[in-house]
Amino acid sequence: ILCSVFISMDYGTVVQFLLQLLPAKLQPVLLRCKQHLCGTLLRMLKAYLILLLITFLQLFLGFFLLDIEQPLLWATVLALLDFLPFIGTGLILIPWGIFELLTGRGALGAGLLILFVILTLVHNLMEPKLVSSSIGLHPLATLLAMYAGLRFFGFSGLLLAPVAVLFLRFLQEEGLLKSFY
């Protein structure tokens with residue numbers, strides 16, 4: 001922690017020192033790349049926050065229509081759980097829906113399961129589109145990068161693989177990578 005504090009205090013000096021170690025021709029490219037990637041990460045965060053808001057609104061409306069007590073609280077909790085890696089709304093809604101079906105409250109159980117299906121469909125349709133439009137990649141390229149990142153590196157790969165593809169595209173546009181076509 002102490003090291004982080006000292007580096008933060010002298011961040012500008014550390015960055016200047018590290019830049020001086022690189023060839024002068026490469027320094028402006030790296031600075032542009034940093035600005036490009038930081039802007040992309042902020043736009044990507046905005047896309048995921050929009051997804052979080054959409055999930056929250058769907059949950060709130062669904063819980064309200066199903067007449068569940070404290071729909072605002074439950075929608076908030078489940079939306080935040082959906083934002084966490086490998087947890088999602090299915091971890092709560094599926095067992096809850098099955099429990100309600102088995103205990104004789106079929107309408108509530110079916111409603112919870114239908115709510116989960118709707119949430120999953122909307123999330124799976126909107127995530128690639130929102131993320132791709134926020135980072136400027138084609139939706140199919142974003143989807144493939146997200147899938148490959150998830151398969152190879154887990155949740156962090158899901159988030160960082162589209163950024164890596166964007167970084168490679170930036171290097172190609174700057175003329176630092178040769179085009180394959």
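1. Leu22 is found in the loop between α2 (11-20) and α3, where helices are DSSP runs of H or I of at least four residues, strands are runs of E of at least two, and both are numbered from the N terminus. With a relative accessible area of 31%, Leu22 is partly exposed; buried means under 20% relative accessible area, exposed over 50%, and partly exposed in between, with a 1.4 Å probe and protein chains only. Leaving aside its neighbours within four places in sequence, Leu22 is in contact with Gln27 and Leu30, contact being heavy atoms within 4.5 Å.

2. A word on the model itself: this is a predicted model, in which local features need pLDDT of at least 70 and side-chain atom pairs count only at pLDDT 80 or more, while totals for chains, interfaces and linings use all residues. Residues are numbered from 1 along each chain as its sequence is written, and side-chain values use heavy atoms, with hydrogens and water left out.

3. As for the fold, the protein has eight helices and zero strands, and the pattern read along the sequence is α-α-α-α-α-α-α-α. The C-alpha trace spans about 70 × 50 × 25 Å along its principal axes. The radius of gyration of the protein is 22 Å, whereas a compact globule of 181 residues would have one near 16 Å; this radius is taken over C-alpha atoms, and the globule rule is 2.2 Å times the number of residues to the power 0.38.

4. Of the 181 residues in the protein, 31% are buried. Among contacts between residues at least 6 apart in sequence, 54% join residues at least 24 apart.

5. The largest nonpolar core has 16 residues, and those with the most contacts inside it are Met44, Tyr48, Val131, Ile135 and Met146; a nonpolar core is a set of buried Ala, Val, Leu, Ile, Met, Phe, Trp, Tyr and Cys residues joined through side-chain atoms within 4.5 Å. Two or more residues of this core come from each of α3 (27-65), α6 (106-135) and α8 (155-173), and α3 gives the most, with six residues. A second, separate core of 14 residues includes Ile68, Ala79, Trp96 and Leu115. Leaving aside its neighbours within four places in sequence, Met44 is in contact with Val131, Ser134, Ile135, Leu159, Pro162 and Val163.

6. Two further residues of helix α3 deserve a look. Thr55 is found in helix α3 and counts as buried because its relative accessibility is 5%; leaving aside neighbours within four places in sequence, Thr55 is in contact with Ala79, Asp82, Thr89, Leu119 and His123. Gln58 also has its place in helix α3 and is buried, with a relative accessible area of 17%, and its contacts, again leaving aside neighbours within four places in sequence, are Leu115, Ile118, Leu119 and Val122.

7. Gly97 is found in helix α5 (residues 90-102), and at 0% relative accessibility Gly97 counts as buried. Gly97 and Leu108 are eleven residues apart in sequence, and their C-alpha atoms are 7.1 Å apart in space. Leaving aside neighbours within four places in sequence, Gly97 is in contact with Gly109, Leu112 and Leu113.
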